[in-house]
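Entries follow in the order I made them.

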Amino acid sequence: MSNQKINPFKHEYFLGYINQVLPQFVKVHFPSSVLLNGFTHFGKEFNGGLVGSFVVIEGDKCGFLGRITELSLPESERLSLNEKAFQTSDFHPTGKIEILLSFDLYNPFDVKKGLIAYPNIGAKVFVSSGELVQEYMSRFGVRSGELANTIAIGSLVSSPETKVKISLQSIFGRHCAIVGTTGGGKSYTVSKLVESLVATGNKAILIDATGEYRGSYDKIKSIDIGNGENIFHYSQLTIDDMFFLLKPSPRTQTPKLMEAIRSLKMVKIVGEATQIVHNGEAIPIEDGLLKKNGKPKKPYDVFYYRNISAIENGMADFDFMKLSHQLSAECVYDNGTTWGGVAPNDVSYCVSLISRVTNLANTPELNQIFGFQQEKTENDLTDVLNQFISIENTDNKLLRLNLENVKYDFQVRETLVNAIGKFLLAKARSGSFKDSPVVVFIDEAHQFLNKSIKDEYFDSKPLDAFDSIAKECRKHGLFLCIATQMPRDIPQGTLSQMGTFIAHRLINHFDKEAVSNACSTANKNTLDFLPILGEGEAILTGVDFPMPIIMKFDEPIIKPDSSTPKLN
């Protein structure tokens, strides 16, 4: 089709003439309602009437592709409208057309960026063939000179015979958001896109919040989290993650916590040694603790600066079970060049923090996720992620992280997903995805994004790893696809970074506004279709889409288990 010369303006598809041109839309005059009736009987691809259907407009130097959004009769003809009159009389309807894109008149597949002109009064309007629209869609997101590698994901709502075949790069290349109310078809769309990625040899990580994607996808590795077998070991958390969990107060507890962590890292570095020595001065190590009480500072300072890169690497790689005792050991006076005895005020300030450390180590819900009481094993989630994203891995194309059994208490779900995001963010910054790009799907994204953790002093710490991924990781080869029924709960900064939107039915005003504000390419006329979309139908729009597409997604081969239990 792409190498053929085609004429988009076919006489038998003639509809009418442009009679009004405005910046937002144009109006068409139908010389006869017979043309309107004939339009609905041209063939299967034109079934369903005019509203929502594609038309082409013939201009002087370029043509235009548009969508009819409104039909009406002139006021003078409305009063005479009845069943008998409609069968015997000839009416002259008018329609409103939303201009979607412009193209070169002599090379119809040469789509212009933006509208460089508007149709003239009197320009002819024709029904657009489904093949022409399909050809346009297959070129979205494909750079000039590149081969369009497309995959079929659905069909047009206005023309069910016209398949939507598009490049996956146009969907995921600038991040993607799938939004819609419950029952609109989000889960099926996620599953269809995951299947499409795997079928084309791409890699995807699916964060399954509820366990509904438990089907046997091709080349899948499925990991169940929350049963104690597969953990994200605390040593792979960042110090910031540890602060999220421990919530130290900023002025008194945070400095002591940082010193305790540094001390335990030093103990780990020296290994089997029982003291840190410099020029005959020593700080003893007893029971895995650094004992500062009454000892000189010089050995500590020298050892610290010699190993500063390992100590300040930002990771929580120390013995967590010693942390509460090391915090007590840090509560000593500072005498300048030496440490003094126990400082009672410091001890009292740190009592609540020590209690939180002890509770964290003994909370089953957290231990099943972060393994505070055990050593790091080969089942660690970071090792699984490293193996999956490596370029050597060709066996598995989909990694499903099942969070169904992860408890909702203690904000453990949000902290875990944010930790996974931070891990992937660090990998992206180091170039791990340059040669093997990965798409990360987050289902029920409103559970994890735009979250923060508050300490006992009501200071808030944001969990913003995926916000950073959305803002900077496209160029690193790490792409984000979020699915949510409440786009209003997604951070505006994250939502604004979504280059592609797949919007299923949305009814709530604030949800529609959130999509409207973040998605400039879908104008108000197109978003008006959101409340009336059927199951599986969606508006597909984005940076790489010169025009919004109202389509119905094909059912996935593996259907997610998102059905509602039935009442008796």
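**Helix H7 and its partner**

I looked up how helix H7 (residues 239-246) sits against helix H8 (residues 253-270): the two pack at an angle of about 130°, with their axes 12 Å apart. That angle makes H7 oblique to H8. The crossing is right-handed. I note that this is a predicted model.

Next I listed the contacts. From H7, Ile239, Phe243 and Leu246 meet Thr254, Leu257, Met258, Ile261 and Lys265 of H8. By class, I have 6 nonpolar, 1 polar and 1 charged residues in this contact. An α-helix has 3.6 residues a turn, so residues three or four places apart point the same way.

Is H7 mostly covered or mostly open? I find it mostly covered, with 7 of its 8 residues buried. The buried set is Ile239, Asp241, Met242, Phe243, Phe244, Leu245 and Leu246. I then checked what follows H7: Lys247, with a positive phi near 50°.

**Strand E23**

I moved on to strand E23 (residues 500-503). Which residues point which way? Thr500 and Ile502 point one way, Phe501 and Ala503 the other, and all are buried.

I looked up the pairing. Strand E10 (residues 176-179) runs parallel to E23 over 4 bridges. Strand E24 (residues 537-542) pairs with E23 in the antiparallel sense, also over 4 bridges.

I took Ile502 as my reference residue.

Terms used: Residues are numbered from 1 along each chain as its sequence is written. This is a predicted model: local features need pLDDT of at least 70, side-chain atom pairs count only at pLDDT 80 or more; totals for chains, interfaces and linings use all residues. Side-chain values use heavy atoms; hydrogens and water are left out. Buried means under 20% relative accessible area, exposed over 50%, partly exposed in between (1.4 Å probe, protein chains only). Two strands pair if DSSP finds at least two bridges between them. Axes are lines fitted to C-alpha atoms, for helices over the stretch in contact, and angles run from 0 to 180 degrees between N-to-C directions. Angles under 35 degrees count as roughly parallel, over 145 as roughly antiparallel, 65 to 115 as roughly perpendicular and the rest as oblique. A crossing is left-handed if the near helix is turned anticlockwise from the far one by less than a right angle, and right-handed if clockwise. Contact means heavy atoms within 4.5 Å. Ala, Val, Leu, Ile, Met, Phe, Trp, Tyr, Cys and Pro count as nonpolar, Asp, Glu, Lys and Arg as charged, and the others, Gly among them, as polar.
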